[in-house]
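Here is a short briefing on one protein chain. Look over the sequence and the model first, then read the points below.

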Amino acid sequence: MSVREILKTNLKFYRKKCGLTQEQLAEKINCHPKYISGIESRNKFPSAETIDALADALGISPAQLFDEKGSPKNTIAFDAEKFTDEVVDGLHALVRHDILNFLDKKLQVQDKR
């Protein structure tokens with residue numbers, strides 16, 4: 001994989017992980033959104049200063065933008081974490097609902113006595 005492809009893949013991954021659009025990231029580093037789009041489409045290659053600014057805005061080290069094996073592993077971990085959070089939230093809602101129903105029934109039984 002080329003350096004441009006690695007940068008493109010990692011920049012897009014970390015940008016999305018931070019929940020940022022290209023426009024929002026561009027605003028954070030004071031550049032035009034088309035510049036971020038250009039990097040992610042491999043048409044542009046940033047200067048060292050821009051790489052530092054991108055990494056800072058994304059809360060990562062500059063080296064992580066060029067780690068060939070970094071983002072696929074991180075993608076799996078991130079997706080697993082997101083999935084786990086969704087499952088836990090869903091289970092929490094179900095358990096809460098069941099507990100409230102149980103307590104409501106118990107209170108109704110006690111009121112009848």
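**A buried threonine**

Thr50 has a relative accessibility of 19%, so this residue counts as buried. The cut-off for buried is under 20% relative accessible area. Keep in mind that the model is predicted.

**Around Thr50**
- Thr50 sits in helix 4, which covers residues 48-58.
- Leaving aside residues up to four places away in sequence, Thr50 touches Ile29 and Tyr35.

**The chain as a whole**
- The chain contains five helices and zero strands.
- Read from the N terminus, the order of elements is α-α-α-α-α.
- The chain has 113 residues, and 22% of them are buried.
- Take the contacts between residues at least 6 apart in sequence: 60% of these join residues at least 24 apart.
- The accessible surface of the chain is about 8100 Å². Carbon and sulfur atoms account for 55% of that surface.

**A charged patch on the surface**
- Which residues gather in a patch of negative charge on the surface? They are Glu81, Asp85, Glu86 and Asp89.
- One of them, Asp89, belongs to helix 5, which spans residues 70-112.
- Is Asp89 buried or exposed? Its relative accessible area is 52%, so Asp89 is exposed. The cut-off for exposed is over 50%.

Methods. Residues are numbered from 1 along each chain as its sequence is written. This is a predicted model: local features need pLDDT of at least 70, side-chain atom pairs count only at pLDDT 80 or more; totals for chains, interfaces and linings use all residues. Side-chain values use heavy atoms; hydrogens and water are left out. Patches are made of residues with over 30% relative accessible area and no salt bridge: like charges are joined within 9 Å, nonpolar side chains (Val, Leu, Ile, Met, Phe, Trp, Tyr) within 5 Å. Accessible areas come from the Shrake-Rupley method with a 1.4 Å probe; for residues, only the protein chains shown count as cover. A salt bridge is a side-chain nitrogen of Lys or Arg within 4 Å of a carboxyl oxygen of Asp or Glu. Lys and Arg count as positive and Asp and Glu as negative; His and the chain ends are not counted. The place of a charge is taken as NZ of Lys, CZ of Arg, CG of Asp or CD of Glu. Helices (H or I, at least four residues) and strands (E, at least two) are DSSP runs, numbered from the N terminus. Buried means under 20% relative accessible area, exposed over 50%, partly exposed in between (1.4 Å probe, protein chains only). Contact means heavy atoms within 4.5 Å.
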